[in-house]
Amino acid sequence: MTDLGAREILERLVAFPTVSRDSNLPLIDWVEAYLAGLGVRATRVPNDDGTKAALFANIGPEVPGGVILSGHTDVVPVDGQAWSSDPFTLSERGGRLYGRGTADMKGFDALMLAAVPLALERGVRRPLQIALSFDEEVGCTGAPAMIDAMAAELPRAAAAIIGEPTMMKAVTGHKGGAGFRTTLRGYEVHSSMLHKGVNAIMAGAKLIEWANAQNAENMAREPGPLAAIFDPPFTTVHVGQISGGTAHNITAGQCRFELDFRCVPGESIEAWRDAYLSRVAALEAEMRAVRPEAGITVERYFTVPALRPEPDGAAERLVRAITGDNGTHVVSYGTEAGLFQERGYSAAVCGPGDIAQAHQPDEYITVDQFRGGEAFLRRVVDHLCED
Ligand SMILES: [Zn+2]
């Protein structure tokens with residue numbers, strides 16, 4: 001097992017159906033055994049109920065100044081998607097490697113695992129540190145404890161590269177995000193007497209209209225220098241799903257939706273949360289004035305800090321030096337890079353494959369991108385061999 005190439009490792013990783021709702025432990029067991037075969041001791045960071053785990057390891061000397069390679073092990077579901085081949089069997093067709101997670105992001109995971117024997121052989125002078133998280137796709141909830149444990153147990157790395165698919169471009173900034181599950185409890189009466197009840201759906205519509213108003217205001221405002229490089233160059237508020245009510249002629253007893261912010265770096269997610277909660281409080285007071293039983297519950301279901309571009313940061317410098325990419329790239333989706341940065345690491349996002357293929361049926365990574373990723377990691381190892 002220790003002489004597996006990146007391609008074979010990818011084949012193994014894809015074969016574990018690590019959809020976020022399910023356990024990733026069989027994959028973690030496999031990785032742990034693979035590393036043990038190379039003489040590398042890994043540390044697990046389990047979730048609360050022990051059904052999932054993150055894993056990290058230090059390869060090379062236990063000294064500061066290394067490089068973290070970070071990826072997530074979970075993938076999005078394939079339910080309802082039309083796949084031309086089994087999503088959990090790697091299959092090559094026309095220069096593309098198909099399979100769930102090939103682009104997002106088991107391709108990078110496989111490459112970093114394949115870089116481990118290389119780092120050992122080459123005798124890196126500063127460590128390669130690898131990190132594999134879980135529950136990234138459901139709001140980056142697995143990584144915080146993993147990064148905290150790494151910060152506590154490993155010598156401090158100089159840079160963290162998060163290998164989400166960027167087509168090997170150096171992505172140095174992304175928006176942050178936070179999601180709020182909002183449940184309104186109304187009061188049911190016959191709709192002809194709606195003034196005596198509280199319609200949770202119609203009340204919920206006011207919060208959604210608040211979101212529309214924020215978007216319009218944000219769009220109209222002149223973007224600051226940090227926001228200006230994003231598309232769109234402002235914080236957005238979105239509701240993508242809603243449910244509620246039982247019949248057309250009953251004031252709705254319940255309404256539930258998920259409202260999420262995608263926040264440009266430099267703006268505070270907590271300030272946006274406070275603004276939302278104060279609108280919620282005002283609405284709740286209106287509802288309770290009609291019926292004291294009515295109310296609103298808001299529960300936060302994810303938080304992903306933004307990645308602030310670091311002028312001349314170590315991660316950015318390293319990734320630019322290797323890829324030769326000096327363009328400015330920022331993305332509007334969140335990654336675990338912001339979590340590393342929040343804990344004091346210099347962080348950048350760079351990995352093989354195209355985000356456009358992520359979450360799609362027939363997800364793939366091209367063989368060219370996969371090889372490009374392999375060459376990139378070889379250069380990272382070269383860098384760790386330098387003084
Ligand atoms: Zn991803």
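Two strands pair here if DSSP finds at least two bridges between them, and helices (H or I, at least four residues) and strands (E, at least two) are DSSP runs, numbered from the N terminus. With that in hand, take the open sheet of four strands in the order 10-11-9-12, where the pairing is antiparallel. One caveat before going on: this is a predicted model, in which local features need pLDDT of at least 70 and side-chain atom pairs count only at pLDDT 80 or more, while totals for chains, interfaces and linings use all residues. Residues are numbered from 1 along each chain as its sequence is written, and side-chain values use heavy atoms, with hydrogens and water left out.

Strand 10 (236–244) and strand 12 (295–304) are its edge strands, each pairing on one side only. From one strand to the next the twist averages 15°; for such angles, axes are lines fitted to C-alpha atoms (for helices over the stretch in contact), and values run from 0 to 180 degrees between N-to-C directions. Seven bridges hold the antiparallel pairing of strand 10 with strand 11 (residues 254–263), and if you look for Val237, its bridge partner in strand 11 is Phe261.

There is also an open sheet of three strands, in the order 4-5-15, again with antiparallel pairing. Strand 4 (91–93) and strand 15 (364–366) have a single partner strand each, so one side of each is left without a neighbour in the sheet. Here the twist averages 25° from one strand to the next. Strand 4 runs antiparallel to strand 5 (residues 96–98), joined by three bridges, and Ser91 has Tyr98 of strand 5 as its bridge partner.

Ser70 is a handy landmark: it stands opposite Ala131 in strand 6, and its bridge partner in strand 7 is Ile162. In a regular strand the side chains alternate between the two faces of the sheet. Strand 3 is covered on both faces, with Val67, Leu69 and Gly71 buried on one side and Ile68, Ser70 and His72 buried on the other. Buried means under 20% relative accessible area, against over 50% for exposed and partly exposed in between (1.4 Å probe, protein chains only).

His72 in strand 3 (residues 67–72) and Glu164, in the loop between strand 7 (159–162) and strand 8 (171–174), are 92 residues apart, so the pair links distant parts of the chain. Both His72 and Glu164 are buried.
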